[in-house]
Amino acid sequence: MNLNDQETVTGEITKTIAKCFQLRIIDLSGVKGIDEAGLGNIVKGSIEPKEFGEKATLVGLQYLTSLKLNTLDKIFDSSIVNILRACPNMQQLELNKCENVSEFLFEAITNQKVAPNLKYLDINMIKNIKADPLEEFRWANPKLIVRRFMFQEAPPKDNGLWRPL
């Protein structure tokens, strides 16, 4: 599901996304209407057996493998960690230019094991993440590919997604 840079999308859409049980990829990059509460709705998706005659409760996004949240400046570590807990198959997480993300995410991934299948983590252009904790995180998770380029101030209109040719 790609909602990349959709200006009319709000956090309410995440209630619907949460009930899309077979989703494997979600791209919410640049959707400025998504905040902490909206992102929290993603982990609340479930359908009780009585609704569809199922024998067991379906949990939303259990098959999600890739989540792109680039440039969402109203989200924090706690909602990302909750999503990782609810999505045990998560392999790729992109948080480029998510300014409120911090090293707390590293602790949750390393010590709490919230993302056992995570293979790729993109964390470019985040001021809160310092070099020393990042190196410790890399050493503690040698199989995880962490993509973080040297932080430099960028123009305000830069969405962090362009690459030089």
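1. Start at Asn-124. Setting aside neighbours within four places in sequence, Asn-124 is in contact with Leu-95, Asn-96, Lys-97, Arg-147, Arg-148 and Phe-149. Note that this is a predicted model. Asn-124 sits in the loop between β6 (120–122) and α6 (131–140). Is this residue buried or exposed? Asn-124 has a relative accessible area of 7%, so it is buried, the cut-off being under 20%.

2. Now the overall layout. The chain has six helices and seven strands. Read from the N terminus, the order of elements is α-β-α-β-α-β-β-α-β-α-β-α-β. The chain holds 165 residues, and 42% of them are buried. Its accessible surface is about 9,400 Å². Carbon and sulfur atoms account for 55% of that surface.

3. Look at how the chain folds back on itself. Take the contacts between residues at least 6 apart in sequence: 76% of these join residues at least 24 apart.

4. Next, the core. The largest nonpolar core has 41 residues. Which of them touch the most other members? They are Leu-69, Ile-80, Leu-84, Leu-95, Leu-121 and Ile-123. Helices α4, α5 and α6 each supply at least two residues of this core.

5. Then the aromatic rings. A search of the whole structure turns up one aromatic pair. Phe-106 and Phe-137 form this pair, and the pair is stacked. The ring centres are 4.3 Å apart, with 15° between the planes. Phe-106 belongs to helix α5 and Phe-137 to helix α6, so the pair ties together parts 31 residues apart in sequence. Both Phe-106 and Phe-137 are buried.

6. Count the salt bridges: there are two. One joins Arg-147 to Asp-122, with the closest N and O atoms 3.0 Å apart. This pair links distant parts of the chain. Arg-147 is in strand β7 (residues 145–147) and Asp-122 is in strand β6, 25 residues apart. The two ends also differ in cover. Asp-122 is buried at 8% relative accessibility, whereas Arg-147 is partly exposed at 26%. Recall that Arg-147 is also among the contacts of Asn-124.

7. The other salt bridge joins the side chains of Arg-138 and Glu-135, at 3.3 Å from N to O. Where do these residues sit? Both are in helix α6, three residues apart, so about one helical turn separates them. An α-helix has 3.6 residues a turn, so residues three or four places apart point the same way. Arg-138 is partly exposed, with a relative accessible area of 26%. Glu-135 is partly exposed too, at 38%.

8. Finish with Asn-117, in the loop between α5 and β6. Asn-117 is partly exposed, with a relative accessible area of 35%. Not counting residues up to four places away in sequence, Asn-117 touches Pro-88, Asn-89, Met-90 and Gln-91. A polar atom of the Asn-117 side chain lies 2.7 Å from the backbone oxygen of Pro-88. The C-alpha atoms of Asn-117 and Leu-144 are 9.1 Å apart, although these residues are 27 apart along the chain.

Terms used:
Residues are numbered from 1 along each chain as its sequence is written. This is a predicted model: local features need pLDDT of at least 70, side-chain atom pairs count only at pLDDT 80 or more; totals for chains, interfaces and linings use all residues. Side-chain values use heavy atoms; hydrogens and water are left out. Helices (H or I, at least four residues) and strands (E, at least two) are DSSP runs, numbered from the N terminus. Buried means under 20% relative accessible area, exposed over 50%, partly exposed in between (1.4 Å probe, protein chains only). Contact means heavy atoms within 4.5 Å. Accessible areas come from the Shrake-Rupley method with a 1.4 Å probe; for residues, only the protein chains shown count as cover. A nonpolar core is a set of buried Ala, Val, Leu, Ile, Met, Phe, Trp, Tyr and Cys residues joined through side-chain atoms within 4.5 Å. Rings of Phe, Tyr and Trp (its six-membered ring) pair if their centres lie within 6.5 Å; planes under 30 degrees apart count as stacked, over 60 as edge-to-face and the rest as tilted. A polar contact is a pair of N or O atoms within 3.5 Å; within protein, one must be able to donate a hydrogen and the other to accept it, and residues adjacent in sequence count only if both atoms are side-chain atoms. A salt bridge is a side-chain nitrogen of Lys or Arg within 4 Å of a carboxyl oxygen of Asp or Glu.
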